[in-house]
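Here are my notes on this one, point by point. Have the model open while you read.

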Amino acid sequence: MSKFIKSEKKEVPQMSTSSMPDIVFMLIFFFMITTTMRQADPLVRTNVPEASQVEKLERKSLVSYIYIGPPSNKKLGNESRIQLNDSFKTLDDIPDFIMMERESRDEVDRKLITTSIKADQTVRMGIVTDVKQQLREVGAFKISYSARKTAHDE
């Protein structure tokens with residue numbers, strides 16, 4: 001015979017969910033901070049060349065990208081094309097693109113805008129030179145080339 005008799009059954013207490021909204025908002029905030037938004041969907045292949053000295057751009061919000069390379073869709077051919085924002089353009093469209101990019105920025109930041117040429121490593125230098133000439137005519141002298149670090153330097 002047992003000295004202590006248990007007459008009532010114990011129930012498992014319910015889990016407290018009061019801190020769940022805090023955890024959810026913390027996760028949402030984390031993903032909002034760490035996620036980058038792609039400005040344009042690449043329509044051209046850009047396997048950028050390797051470089052021995054690479055510098056990261058300071059303010060990526062002040063960078064305008066010009067993509068040069070063969071189209072991703074094989075049906076459009078293998079000839080190198082220029083992509084500005086989300087569509088293929090010609091050399092004559094570059095001045096309008098630069099002017100629109102300047103107008104979309106604050107007046108203080110307009111002098112700090114960098115034009116980044118993201119060209120495929122197989123692109124002929126002639127088209128890159130033509131793009132640079134168009135940029136010079138508009139006064140966009142701050143140009144950078146996208147590249148990746150060489151494998152043995154990492």
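1. Let's start with helix H2, residues 94-104, whose buried residues are Ile94, Phe97, Ile98 and Glu101. Buried here means under 20% relative accessible area, exposed means over 50%, and partly exposed is in between (1.4 Å probe, protein chains only). Helices (H or I, at least four residues) and strands (E, at least two) are DSSP runs, numbered from the N terminus. Met100 and Glu103 are exposed, on the face of H2 turned away from its buried side.

2. Before going on, some bookkeeping: this is a predicted model, in which local features need pLDDT of at least 70 and side-chain atom pairs count only at pLDDT 80 or more, while totals for chains, interfaces and linings use all residues. Residues are numbered from 1 along each chain as its sequence is written, and side-chain values use heavy atoms, with hydrogens and water left out.

3. What do the buried residues of H2 pack against? Their partners are strand S2 (63-69), strand S3 (81-84), strand S5 (114-119) and helix H3 (125-138), where contact means heavy atoms within 4.5 Å.

4. On to the largest nonpolar core, which has 16 residues. A core of this kind is a set of buried Ala, Val, Leu, Ile, Met, Phe, Trp, Tyr and Cys residues joined through side-chain atoms within 4.5 Å. The residues with the most contacts inside it are Ile66, Ile68, Ile82, Ile94, Ile98, Val131 and Leu135. Two or more residues each come from S2, S3, H2, S5 and H3, and H3 gives the most, with five. As background, nonpolar side chains tend to be buried together in soluble globular proteins.

5. Now the overall picture. The chain has three helices and seven strands, in the order α-β-β-β-β-α-β-α-β-β along the sequence. Its radius of gyration is 27 Å, whereas a compact globule of 154 residues would have one near 15 Å; that is taken over C-alpha atoms, and the globule rule is 2.2 Å times the number of residues to the power 0.38. The C-alpha atoms fill a box of roughly 100 × 40 × 35 Å along the principal axes. Of the 154 residues, 26% count as buried. Even so, among contacts with a separation of 6 or more, 72% come from residues 24 or more positions apart.

6. How many aromatic pairs does a search of the whole structure find? There are two. Rings of Phe, Tyr and Trp (its six-membered ring) pair if their centres lie within 6.5 Å; planes under 30 degrees apart count as stacked, over 60 as edge-to-face and the rest as tilted. Phe30 and Phe31 are edge-to-face, with 5.3 Å centre to centre and 70° between the planes. Phe30 counts as partly exposed because its relative accessibility is 46%. Tyr65 and Tyr67 are stacked, at 6.2 Å centre to centre and 20° between the planes. Tyr67 has a relative accessible area of 12%, so it is buried.

7. There is also a charge-over-ring case: the charged end of Arg81 sits over the ring of Phe88, 4.2 Å from its centre. The test asks for NZ of Lys or CZ of Arg within 6 Å of the ring centre and within 35 degrees of the ring normal.

8. Beyond its neighbours within four places in sequence, Leu43 is in contact with Pro71, Ser72, Gln83, Asp86, Ser87 and Phe88. Leu43 counts as partly exposed, at 29% relative accessibility. Leu43 and Gly69 are 26 residues apart in sequence and 8.9 Å apart in space, C-alpha to C-alpha.

9. One for the backbone check: Asn85 is not a glycine, yet has a positive phi of about 55°. Asn85 is in the loop between S3 and strand S4 (87-89), and is partly exposed at 37% relative accessibility.

10. Finally, two strand residues. Ala51, in strand S1 (residues 50-51), is in contact with Ala147, Arg148, Lys149 and Thr150, leaving aside neighbours within four places in sequence. Ser144, in strand S6 (residues 143-145), is buried with a relative accessible area of 16%. Not counting residues up to four places away in sequence, Ser144 touches Leu57, Thr114, Thr115, Ser116 and Ile117.
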